[in-house]
Amino acid sequence: MDLSAGNCKMGITMRGPWETYGENEEQEKEAAAAAGRLAGLSEVEEGLNVNSNSELKTEGTGGFRELVKDTLYLRSCQAHRVVPASCFLRQGSTPELNLRHRGLGPKGAQALASSLTSNPYVRRLDLRDNGLCGAGAEALASALSKSSSICDVDLSENQLGVVGAQAICAALTVNPAMQKVQLSGNGLEEQAAKYLAELLLAHTGLKSLDLSYNQLNDQAGQMLGPALAENTGLTDLNLSWNHLRGPGAIAFSRGLEANIFLRVLDISYNGFGDPGASAVGEALRTNNVLEELNMSNNRISAVGALSLGLGLRVNQRLRSLIVSRNPMQSEGCLGVLKSVQDNPVSSLELLDFSDIQVNREFDDLASSMKVILPGLCIKTAASRVEYKKELLPVFRPSLPASAPK
């Protein structure tokens, strides 16, 4: 692991990775194990040269490939002066390589990249929270562009920034095998949106993309919207916890209107507001592919909810709509529910108004909806206060002990 990965931008001199770390027993064990493996590299190479033919015939190619993979990785770690990750050496022929929270850093990523291209087993690569930064992403990009086995990669929480986003998107664009990519929590802003849009336009095999917990803003939405309109293949997109609002939210919604592949969309915790909600409502009038939509916590008032409902009046495909934690109040919730009531071909199975207080009129309509759509689940605030004219006993003024009853 690369101990300088804690801060990609600070020029802090750290102790060499081959020193003994008294404060971290696990690192000491890994370093000792790695030293033993590295000491035997020459014997391994001699064994490969002398006995390769006979061993391949008797033991098959599986064990040989694993030996070559481990040897390449250990040599690469030695060259980059980083401690090898023991879980990589234990991976064997399993399809998932989980290296999350290992502190690999840019150098660790460079050591890993050289061995990934010769590893035919890994299908899912999990490198979440490793401080890879832009340099580490650039090193991995080459391996990801050439790998024909890796189809699912998690690079979340790695401070990739625009440099890392550019490298990764370029690599994924030329790799048709990639189906699922997670880039959550990487500080991606509008500069990175350009490369994300290019990925959406060029990659037809990508099915799932997670861009949550970034800083994609108004300008980013204006770039991603047209790309989404032209995308062919993506079925699951997560853009929650970003800064999509204003013209950017509207442009993105127009892209959703034209898209004919996306089935699951999470845009919760943005700032779509009423204009964005209205644009999504327009999209739902045309889009008959989307099945799940999460718009919780988007500053949507009753006005925006009524505009959103216009799309629900005619949409035939949407099965789940989450609009919880929006300031639409009971009026907005009622308007949405009435729109669903007016749609005889609605496919909705879930309407989530969690954390929004609703009134008796809403409750009555929700009860009658059970007859029209018996499969529809309606979620509202967990509890509501019921006020009665008569005070409860605990609030009644107590009479003096001597007073007649």
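1. Basis. The model is predicted, so local features need pLDDT of at least 70 and side-chain atom pairs count only at pLDDT 80 or more, while totals for chains, interfaces and linings use all residues. Residues are numbered from 1 along each chain as its sequence is written, and side-chain values use heavy atoms, with hydrogens and water left out.

2. Overall make-up. The chain holds 14 helices and 11 strands, taken as DSSP runs numbered from the N terminus (helices: H or I, at least four residues; strands: E, at least two). Of its 405 residues, 49% are buried (buried: under 20% relative accessible area; exposed: over 50%; partly exposed: in between; 1.4 Å probe, protein chains only). Among contacts (heavy atoms within 4.5 Å) with a separation of 6 or more, 84% join residues 24 or more positions apart.

3. Core. The largest nonpolar core comprises 96 residues, and Leu112 and Leu293 have the most contacts inside it. Such a core is a set of buried Ala, Val, Leu, Ile, Met, Phe, Trp, Tyr and Cys residues joined through side-chain atoms within 4.5 Å. Helix H8 (residues 190–202) supplies the largest share of this core, seven residues. Beyond residues up to four places away in sequence, Leu112 touches Tyr73, Phe88, Leu97, Leu99, Leu104, Leu127 and Leu140.

4. Helix pair. The axes of H11 (residues 273–286) and H12 (residues 302–312) come within 7 Å and cross at roughly 5°; axes are lines fitted to C-alpha atoms over the stretch in contact, with angles from 0 to 180 degrees between N-to-C directions. H11 is therefore roughly parallel to H12 (under 35 degrees; over 145 is roughly antiparallel, 65 to 115 roughly perpendicular, the rest oblique). Residues making the contact include Asp274, Val280 and Arg285 of H11 and Val303, Leu308 and Leu312 of H12.

5. Val314. This residue lies in the loop between H12 and strand E9 (320–322). Val314 is partly exposed, at 36% relative accessible area. The C-alpha atoms of Val314 and Arg285 are 6.0 Å apart, across 29 residues in sequence.

6. Ala251. Helix H10 (residues 246–258) contains Ala251, which counts as buried at 19% relative accessibility. Apart from residues up to four places away in sequence, Ala251 touches Gly221, Gln222 and Gly225. Ala251 and Met223, 28 residues apart in sequence, are separated by 8.1 Å from C-alpha to C-alpha.
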